[in-house]
Amino acid sequence: MGDEIQAAAGGVTVESKEWYISAYATEGVPTSDHLKLRSVPVSLAVDSIPDHHVALETLLISIEPYQRARMSGIEDGLYLPQHNLNEVIQAFGIARVIQSKDSNYTKGDIVISVFMPVAEFAVLPSDLLVKKIDPTPGISLTDYLSSLGIPGFSAWVGIELVAQPKPGSNVFISAAAGGVGMSAGQLAKLRGCRVIGSTGSDDKVKLLKEELGYDDAFNYNTESSYDDALTKYFPDGIDVYLDNVGGEMLEAVLNHVNKHAHITLCGMISQYNKVWTERYGVRNLLNMIGKEVKWKDT
């Protein structure tokens, strides 16, 4: 790769592998019928780069759950548009500047973008870059995609700004071993809360309890009833729920919320692979009125 970069700097075009959407996946798990890999020529020479653009070598890409909803071809209420067919996928990522036609960026800078092409090399408008990363000792580049990236920021907004749990509150977090849940649980513990998480395997339950500081956790795949599980783990009810899954788990939670509970909506991953007419319809929203529940998204 280093030889390719040196060659490109001298004016030679390189072949860059990139992932693109060839067809939308309206339901189910996207496959190789929808996502394809190809090679495209990219010139990284300075004289080929437009003004206010930078040539980049991609270092890291974060593939978030919300990406699934950008592959359906249906505008479904998300804040980001659908990926365009036959165009490279964009994601939150980190890259190194190879060449720059913007005075704010120089060769060697490490940068972050929400719209980083999922490709080896790219030329990107500089206004799509979020910031430069200061290579501070003790902070790895992967930290900027996890605890300091979208997952960590979502957890911080959900707990610190939206839910604002008080010490002693009973906090429930679904998809607790995911990127958001890992940070959210620790933030709630720092506020003196009792924190319980749900996750999809016994190994993840162990991770939550032994390494991430959760008071307890359960494997939803081995529970015969979500309602019974919440009765067991929350005998005094739920004060705060950070929802990452939606569907049946959200419905079960609404049967156990305390008065003035806070529900933070972060994601509904259990429903992403379904068209909206087949998604689980939560039947007990009336509980929110009687319990005066505060419901807000991140």
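## Helices H6 and H7

In this predicted model, helix H6, which covers residues 226-233, and helix H7, which covers residues 247-254, have axes that come within 9 Å and cross at roughly 45 degrees. That angle makes H6 oblique to H7, and the crossing in which H6 passes H7 is right-handed.

On the side of H6, the residues that meet H7 are Tyr226, Asp227 and Leu230, and their counterparts in H7 are Glu248, Met249, Ala252 and Val253. Sorted by class, the contact of H6 with H7 holds five nonpolar residues and two charged ones, with no polar residue.

## Helices H3 and H4

Two packed helices are described by the angle between their axes and by the distance between the axes. For helix H3 (residues 150-163) and helix H4 (residues 179-190), the angle is about 40 degrees and the axes are 8 Å apart. H3 and H4 are therefore oblique to each other, and H3 passes H4 in a right-handed crossing.

From H3, the contact draws on Pro151, Gly152, Ser154, Ala155, Trp156, Ile159 and Glu160, while H4 contributes Gly179, Val180, Ser183, Ala184, Leu187 and Ala188. By class, the residues in the contact of H3 with H4 comprise eight nonpolar, four polar and one charged.

## The parallel sheet and the helices on it

Six strands, paired in parallel, form an open sheet whose order is S10-S9-S8-S11-S12-S13. Strand S10 (216-219) and strand S13 (294-297) stand at the edges, and each has a single partner strand, so one side of each is left without a neighbour in the sheet. Averaged over this sheet and with direction ignored, neighbouring strands are turned by 15 degrees against each other.

Helix H4 lies across strand S8 (170-173), strand S9 (194-199) and strand S11 (238-243), and its direction runs at about 175 degrees to S8. Helix H5 (residues 202-210) also packs on the sheet, where H5 touches S9 and S10, and the direction of H5 makes about 170 degrees with that of S10.

## The antiparallel sheet

Another open sheet has five strands, in the order S6-S3-S4-S5-S7, and its pairing is antiparallel. Its edges are strand S6 (121-125) and strand S7 (129-132), each with a single partner strand, so one side of each is left without a neighbour in the sheet. In this sheet, neighbouring strands are turned by 40 degrees against each other on average when direction is ignored.

Strand S3 (residues 53-62) pairs with S6 in the antiparallel sense, and five bridges connect the two. Within this pairing, Leu56 stands opposite Ala122 in S6.

## Tyr66

Is Tyr66 buried or exposed? Tyr66, which lies in helix H2 (residues 66-69), has a relative accessible area of 11%, and because this is under 20% the residue counts as buried. Tyr66 is also 203 residues away from Ile269 in sequence, although the two stand 8.3 Å apart in space, taken from C-alpha to C-alpha.

Note on methods
Residues numbered from 1 in each chain as written. Predicted model: local features only at pLDDT ≥ 70, side-chain atom pairs only at ≥ 80, totals over all residues. Heavy atoms only, no water. Axes fitted to C-alpha atoms, helices over the stretch in contact; angles between N-to-C directions. Helix = DSSP H or I, 4+ residues; strand = E, 2+ residues; numbered from the N terminus. Parallel < 35°, antiparallel > 145°, perpendicular 65-115°, else oblique. Left-handed = near helix turned anticlockwise from the far one by under 90°. Contact = heavy atoms within 4.5 Å. Nonpolar A, V, L, I, M, F, W, Y, C, P; charged D, E, K, R; others polar. Pairing = 2+ DSSP bridges. Buried < 20%, exposed > 50% of the residue type's maximum accessible area, 1.4 Å probe, protein only.
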